[in-house]
Amino acid sequence: MISEYLLVLISIVSLLTNVSVQVVVFRCFPRLGLLKSEYFGFCAGLSSLFTISLKEFTAISLLNLIMYFSLSYCYFNFVNLGETARRVRILRELCDSVQGLSLQELLSRYNAKEIVERRIERLLNNGQIIFSNDRFYIGAPLMLWIAKIIMVMKLVILGRRYLDTVYQRNKDRDV
Amino acid sequence: MTVLFWGLMIFGLSFLLHFIIWKIHIPQKQTKALLEVFFSSLIVCTAILLISSFNYSRVRSISPAGFREYFHLYIFFISLMLAYIVNYSALEVDSPTLTMVISIANKGKNGLDKQELLVLMSDGLLVKPRIDDLVSSNMIYLEEGKYKLTRNGSLFAHIFIFYRKLLNLPKGG
């Protein structure tokens, strides 16, 4: 009976393994970087899934594997949200000041220049873009492929083109 | 096999329903609407499945058996739904990183100058809309010219503060 329910909850147990290993690896080896610690966590969770549930490959194993991939994807995004999300950063800035912040004060602490600088640094470090002759060029095409997939999904589901907002805002500003 | 089959079927149906609704009208609060569509589809479909399996032996033979399998079906469906919603948030708002990558790619062999990039990515595009989003989602409010956190906003911020402290990480963004 217990083992039957364990089989149902194994993907959640594996996710907990993933989270714990990721946190411990990052705390013990911060130089490794956040992304690599996430890979370690993911592999640890996957091995626990294989150890408990995949002794023989059945439909339930495939089901648990899909569940583990989905939950790990959510966790990966949660970690990245704390790292890159603008809304989280704005909330943190407001959390740090009890009196609240005016728009000007907020922009002096967190602004477009910082957002762009941080992302340029990340993209350059990952080799996704190259800086040469004072200009940026596309390096490894992984981010470009992700961007293209999202562009297609946005067009199919929302019926909107990517960067529509960018072009519209810049047009409004020019007017 | 039945859990996998019905999980994918119900998820496919929910996605189809969401797609049709979005083609007619895109809701204002999209994540909330997505949760409503997916959860109501799950509840309706499993109720139909349960009632049919009581009345028809043919359906009983291909439907999940007992509480454990239905429980598994629910967890499976919720995992898929959460992964989809996480992915969907990337469609709602243009990511600065992807916007930069596309802008650079659009320039091709000529490349993009840093100054051009900074002009393209202004506060009006990157920060102010996010502040407006936080106000409309009741995370922050404006009082006497100052933005302050609501209870929800404070709770949300503290989840990330706790997690980043756990990892010894500085402020992100």
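In this predicted model, B:T46 is buried, with a relative accessible area of 5%; buried here means under 20% relative accessible area, exposed over 50%, and partly exposed in between (1.4 Å probe, protein chains only). The place of B:T46 is in helix α2 of chain B, where helices (H or I, at least four residues) and strands (E, at least two) are DSSP runs numbered from the N terminus. Leaving aside residues up to four places away in sequence, B:T46 touches B:I10, B:Y70, B:L73 and B:Y74, a contact being heavy atoms within 4.5 Å.

Residues are numbered from 1 along each chain as its sequence is written, chains are lettered from A and ligands numbered from 1 in the order in which they are written, and side-chain values use heavy atoms, with hydrogens and water left out.

Helix α2 of chain B covers residues 30–55 and has 26 residues. From first C-alpha to last it reaches 37 Å, close to the 38 Å expected at 1.5 Å a residue, the expected span being 1.5 Å times one less than the number of residues. Its buried residues include B:A33, B:L34, B:V37, B:F38 and B:T46. An α-helix has 3.6 residues a turn, so residues three or four places apart point the same way. The buried residues of α2(B) pack against α1 (2–24), α3 (57–62) and α4 (66–92) of chain B. Chain B as a whole is divided into domain 1 (2–92) and domain 2 (137–173), with bounds from an automatic or database domain assignment; the C-alpha centres of these two domains lie 32 Å apart.

Turning to chain A, its secondary structure comes to eight helices and two strands, in the order α-α-α-α-α-α-β-β-α-α along the sequence. Of its 175 residues, 40% are buried.

On the surface, A:L6, A:L9, A:I12, A:V13, A:L16 and A:I52 form a nonpolar patch with about 430 Å² of accessible area together, computed by the Shrake-Rupley method with a 1.4 Å probe, where for residues only the protein chains shown count as cover. Patches are made of residues with over 30% relative accessible area and no salt bridge, like charges being joined within 9 Å and nonpolar side chains (Val, Leu, Ile, Met, Phe, Trp, Tyr) within 5 Å; a salt bridge is a side-chain nitrogen of Lys or Arg within 4 Å of a carboxyl oxygen of Asp or Glu. Helix α1 (residues 2–28) of chain A gives the largest share of the patch, five residues. A:I52, found in helix α2 (residues 34–53) of chain A, is partly exposed, with a relative accessible area of 36%.

Technical notes: This is a predicted model: local features need pLDDT of at least 70, side-chain atom pairs count only at pLDDT 80 or more; totals for chains, interfaces and linings use all residues.
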